[in-house]
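Work through the exercises below with the structure open beside you. Try each task before reading its solution.

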Amino acid sequence: MGTRPRTKPHLLLLLLLLATRALVSSPAWNLAQGSPAAFGPVFEDQPLGLLFPEESTEEQVTLVCRARASPPATYRWKMNGTEMNLGLGSRHQLVGGNLVIMNPTKAQDAGVYQCLASNPVGTVVSREAVLRFGFLQEFSKEERDPVKAHEGWGVMLPCNPPAHYPGLSYRWLLNEFPNFIPTDGRHFVSQTTGNLYIARTNASDLGNYSCLATSHMDFSTKSVFSKFAQLNLAAEDPRLFAPSIKARFPAETYALVGQQVTLECFAFGNPVPRIKWRKVDGSLSPQWATAEPTLQIPSVSFEDEGTYECEAENSRGRDTVQGRIIVQAQPEWLKVISDTEADIGANLRWGCAAAGKPRPTVRWLRNGEPLASQGSAQNRVEVSAGDLRFSKLSLEDSGMYQCVAENKHGTIYASAELAVQALAPDFRQNPVRRLIPAARGGEISIACQPRAAPKATVLWSKGTEILVNSSRLTVTPDGTLVIRNISRSDEGRYTCFAENFMGKANSTGVLSVRDATKITLAPSSADINLGDNLTLQCHASHDPTMDLTFTWTLDDFPIDFDKPGGHYRRASVKETVGDLTILSAQLRHGGTYECMAQTVVDSASKEATVLVRGPPGPPGGVVVRDIGDTTVQLSWSRGFDNHSPIAKYTLQARTRPAGKWKQVRTNPANIEGNAETAQVLGLTPWMDYEFRVLASNILGTGEPSGPSSRIRTKEAVPSVAPSGLGGGGGAPGELIVNWTPMSREYQNGDGFGYLLSFRRQGSSSWQTARVPGADTQYFVYSNESIRPYTPFEVKIRSYNRRGDGPESLTATVYSAEEEPRVAPTKVWAKGISSSEMNVTWEPVQQDMNGVLLGYEIRYWKAGDKEAAADRVRTAGLETLACVTGLHPNTKYHVTVRAYNRAGTGPASPSTNATTMKPPPQRPPGNISWTFSSSSLSIRWDPVVALRNESAVTGYKMLYQNDLHPTPILHLTSKNWIEIPMLEDTGHALVQIRTTGPGGDGIPAEVHIVRNGGTSMMVENAAACLAPHPSAILSRSVLMLILIGYLEL
């Protein structure tokens, strides 16, 4: 390996003394000695620009600054580049790292502030923070001159806002607060000048106007009102005026990336002009397309730069204005520096780069000072824009460095620490491995990586023998010892010696030679079908003192055996067996498999190829050409056959992007596997289509190709006649014809509509009408000569711009009906109960006005007006109707009218009917019953009607027992009844009520229970409304009481 050059003793001693003195204070030296790690300041909070209201009641302003550092940082502040005095008694106080300004004033405190954080490692400077003072003065107290104009003219009312900082937002009041002027198409308030524009005045604009200006600052919001200005309007000027743009955006608008840009444009004119925006040298994003007087781009980007045009247009003309948006950007880092440790005497190059518009300039700081100002380093330090180069680093180069990029829109800082190290070789962190196993016949690399600065020179020994490079032994430039074709004789102790001018060190390891690993049973290549199972065998021998593991890769990618639902399984029979099983093989499982058997010292591997045959892959490059009205020519490129020849292709099409794919007819009908083109037949003209291709082989059909580009077939004459032809109804003198609109797939072309032909039945000549529009579904033919309900023959065809389609079958449609002309006769009405009456009449003969649908009965109380009559209609041509829901003992007037689809005819002469008195409101009482062997006898007290009630002519009894759940109705004119009853009947439910001319009365209800022989029970029954749930409960309780009584 050669000999080291000898160093003069007195020179070496001098170097060591200098290095030792510098290292005592070096962070790298302290770290090596085990003291806490030191690092320079890193900002965690930096000051932000602040807008402070001059009229604020706040007594202080705080600019934050906090840095992480070890040892902790101390802080200083600069204002406008000059270091500040932060001593006791000053209005400027340092709290932690924060700067607190007491009782801030614009004259003393407005300016640019920077925080400096320092510790023994170095100093960093924060970004700049500008403290500004905001204000808004009051409007002038002088009265405002009135504004005069003719009604119909445009007018502008100036705001003339007071002195202010920063910008304002504006609104206008009309007459009083809070009656604000709306932002509609006729009014516009410029947020640039505050002026109010009215495109065309009208009488509602008369009044007094005041401008409201609002300032928004960090701590407060302030608004001020102007004096009112009166708007007077002279007589209306009826003339129409072309637009004249009065609120114009500037010829050039500068904006920073990410800012909101607003362009204003408003015009006078009569009629009120419409506003349109466009980008002259590009397309306007749809999200910003607007008809408003302002064009807003919320977050502008470089793509938005260009010339924009506003057009104001009305029926009298147009006016335009153009202006350019110029987009610039603050600096933004593309490349920054990072903390770096470097060896003493080494070379170092740092670089940073920033984007921005205008292009940023770059400068460098070291410990907060411009780097060029440190003259002693100029011979070794080269600063060139974004590049900083050091030659032969020294300890004094350690410190905090900042790269500063700036343009007129801002400044950004990137910070990093440079730690220059001088260290004697040290193996404590990376010693040579104590035990180094190696396989016989193999190769071993033994690393020697001591920590050292500058880099140490390295030599190796085996025992006491210094090693030199040979055919089997090599020491690499980084100090690694490589031994090839290892044998047992290579076992022993190996020592690495490392040395630099700071000192020397060594580290030793023992090399142990083991038996080599070998594959004894290698995997065999295989050819399988999709879905098959396959086992690849792999056995190995190895040194018995070592652990053996198997790993598998597919095309150099490791196989994941733990993947949920995976297809791979590994054998776990014994350590020397590493078989791989593939379950339900997929196409993706084909490829080159490698089995690797390895120990900690060596490895052995063998490969095998697995071929998985399956259905073809998707065809590619589907192209549509030769587009006709019902045919297209389709071509494609072959996909993978997946190791099985393609037998045929299938073509599919769909008409909607999310529609269902359907197989199409082709020429040839059967497309062979070697084909790459075919004609598609049977398509619909003027229809949008996408196509795809599927390939098949003996193993199945593969995945489809991607869809083709969307095409539209050519137009053709309609081939199908409209359906659903019918009609009728409408106003007198009208013929209404309707049909089912034809869907898109039957239109076959643009300019679609319907061609209607119609004639009176029996006439020889046809009239025609062209009805444009595919969605149209009816046509109204009006002619005063058309008589009511006249039959017409009607037929229809569709058309498009290529011609007329086939004609439909002829249908008969009747013209509009008119109301019946004849009134019913012999109307008779009679009350049949307290709430019902029957009405009868003679029928009306069918007339030529239309088809009678039925009759309408109108009835109203005597003393009321006919306009308040209730109405009942029959559903057919019956001549009898029962009217219900009437009041008892009430006289009604009744008329009858015939009706058809056109309405009701004239009324019949009125007749009268009076409803009956209501039935008695008391149920039968004192109900008793007795049993015989085959019958049940029931008695009750008779019910006597009052003067205002109808007479009782009999009784109705509803009977139900447990053997026959269907109720049976019995009638009797007496106050008792006897009915047959089987001996095995155990329980019965009975309801008894009165009946008479006024209808049925309230029922009384009893439960009867039979227990052996003849029994008797007297009950004062109360009225019971059967449907209510509480009644059901009370019946059950009563039945239990009766059973208990009868058993006593």
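This is a predicted model.

**Exercise 1. Decide whether Asp626 is buried, partly exposed or exposed, then do likewise for its salt-bridge partner.**

Solution. 
- Step 1. Take the relative accessibility of Asp626: 54%. Exposed means over 50%, so Asp626 counts as exposed.
- Step 2. Find the partner. Asp626 forms a salt bridge with Arg625. The closest N and O atoms are 3.2 Å apart.
- Step 3. Classify Arg625. Its relative accessibility is 38%, so Arg625 counts as partly exposed.

**Exercise 2. Find the salt-bridge partner of Glu690, and state whether the two residues are buried or exposed.**

Solution. 
- Step 1. Follow the side chain of Glu690. It meets that of Arg654 in a salt bridge, at 2.8 Å from N to O.
- Step 2. Glu690 belongs to strand β65 (residues 688-697), and Arg654 to strand β60 (residues 648-654), so the bridge ties together parts that are 36 residues apart in sequence.
- Step 3. Check burial. Glu690 and Arg654 are both buried. Each therefore has under 20% relative accessible area.

**Exercise 3. Trace the strand pairings of β46 with β42 and β47.**

Solution. 
- Step 1. Start with β42 (residues 457-462). This strand pairs with β46 (residues 492-500) over 6 bridges, in the antiparallel sense.
- Step 2. Lys462 stands opposite Tyr494 in β46.
- Step 3. Turn to β47 (residues 503-514). The pairing of β46 with β47 is antiparallel and runs over 9 bridges. Here Ala498 stands opposite Ala505 in β47.
- Step 4. β46 and β47 are joined by a hairpin through 2 residues.

**Exercise 4. Identify the nonpolar surface patch that includes Ile466, and give its accessible area.**

Solution. 
- Step 1. List the members: Leu459, Ile466 and Phe497.
- Step 2. Give the area. Together they have about 230 Å² of accessible area.
- Step 3. Look at Ile466. This residue lies in strand β43 (residues 465-466). Its relative accessible area is 46%, so Ile466 is partly exposed.

**Exercise 5. Describe the surroundings of Ser190.**

Solution. 
- Step 1. Classify it. Ser190 has 3% relative accessibility, so it counts as buried.
- Step 2. Look for a polar partner. A polar side-chain atom of Ser190 lies 3.1 Å from the backbone nitrogen of Thr192.
- Step 3. List the contacts. Leaving out residues up to four places away in sequence, Ser190 touches Tyr170, Asn195, Tyr197 and Glu264.

Definitions and conventions. Residues are numbered from 1 along each chain as its sequence is written. This is a predicted model: local features need pLDDT of at least 70, side-chain atom pairs count only at pLDDT 80 or more; totals for chains, interfaces and linings use all residues. Side-chain values use heavy atoms; hydrogens and water are left out. Two strands pair if DSSP finds at least two bridges between them. Helices (H or I, at least four residues) and strands (E, at least two) are DSSP runs, numbered from the N terminus. A salt bridge is a side-chain nitrogen of Lys or Arg within 4 Å of a carboxyl oxygen of Asp or Glu. Buried means under 20% relative accessible area, exposed over 50%, partly exposed in between (1.4 Å probe, protein chains only). A polar contact is a pair of N or O atoms within 3.5 Å; within protein, one must be able to donate a hydrogen and the other to accept it, and residues adjacent in sequence count only if both atoms are side-chain atoms. Contact means heavy atoms within 4.5 Å. Patches are made of residues with over 30% relative accessible area and no salt bridge: like charges are joined within 9 Å, nonpolar side chains (Val, Leu, Ile, Met, Phe, Trp, Tyr) within 5 Å. Accessible areas come from the Shrake-Rupley method with a 1.4 Å probe; for residues, only the protein chains shown count as cover.
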